[in-house]
Amino acid sequence: MQFKTENPLDADLDALVALALDPETLREVPRYMPLVTSCVRVEQRALDGGRVRVVDRYEPAIEPPPFARGLTREMLGWDLCLTWDVAARAAEFVIDPHVKPEWKRYADVRGVYRFESRGGRAWRVIEGSLVIRVPLVGAVGERFAVSQLKQQFDGEARLLDACMRQRRGVGGHGQNTQS
């Protein structure tokens with residue numbers, strides 16, 4: 001299933017990239033992303049050609065449903081693996097779930113995360129695909145997962161906006177302005 005989410009942001013594009021690459025930004029993630037209890041940077045390294053590899057680990061704030069036999073709370077977590085092209089202000093991403101290795105073949109989430117200028121304003125755009133390869137429940141699971149992803153991405157956009165306001169001295173950092 002293909003998905004796309006776009007959020008206008010009141011910021012300079014380069015400042016947004018710097019904010020996305022700043023591991024300190026992750027401390028505020030749980031305030032803006034309701035399914036997350038913690039988020040930490042586990043890897044950040046420079047690659048060739050002005051690229052940066054980033055891996056952020058997300059721990060869930062929810063328990064698995066009772067019918068999900070064999071699934072633990074830890075398995076609901078994920079790593080967000082991004083390869084940023086800093087000059088292009090864009091990153092390719094893959095979401096790597098914390099499930100058993102043999103289960104990883106049943107789901108795939110990947111795409112592109114970018115900041116762009118439109119109409120004199122900065123926009124954060126995420127385009128991707130989510131595939132769940134489980135007979136009978138795959139399509140329903142995909143629709144549910146995409147709706148949850150979009151909620152998390154919208155929360156992350158609010159976090160970026162709040163961090164930019166805080167850096168400019170307008171409003172408080174950590175102030176959740178849900179719309």
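**Sheet and helices**

Me: In strand 5, what's the bridge partner of W84?
Reply: A91 is the bridge partner of W84. Keep in mind that this is a predicted model, where local features need pLDDT of at least 70, side-chain atom pairs count only at pLDDT 80 or more, and totals for chains, interfaces and linings use all residues. Residues are numbered from 1 along each chain as its sequence is written, and side-chain values use heavy atoms, with hydrogens and water left out.

Me: How many bridges between strand 4 and strand 5?
Reply: 8, with strand 4 (residues 78–85) antiparallel to strand 5. Strands are DSSP runs (E, at least two residues; helices are H or I, at least four), numbered from the N terminus, and two strands pair if DSSP finds at least two bridges between them.

Me: And what's the strand order in the sheet?
Reply: 1-7-6-5-4-3-2, an open sheet of 7 strands with antiparallel pairing. Strand 1 (2–9) and strand 2 (36–46) are the edges, each pairing on one side only.

Me: OK, hairpins. Which residue has a positive phi between strand 6 and strand 7?
Reply: G119, near 55°, in a hairpin with 2 residues between the strands. Strand 6 and strand 7 (residues 121–132) are joined by 12 bridges, and F115 stands opposite R124 in strand 7.

Me: Which strands does helix 3 lie across?
Reply: Helix 3 (residues 138–167) lies across strands 1, 2, 5, 6 and 7, running at about 155° to strand 7. Angles go from 0 to 180 degrees between N-to-C directions, using axes fitted to C-alpha atoms, for helices over the stretch in contact; contact means heavy atoms within 4.5 Å.
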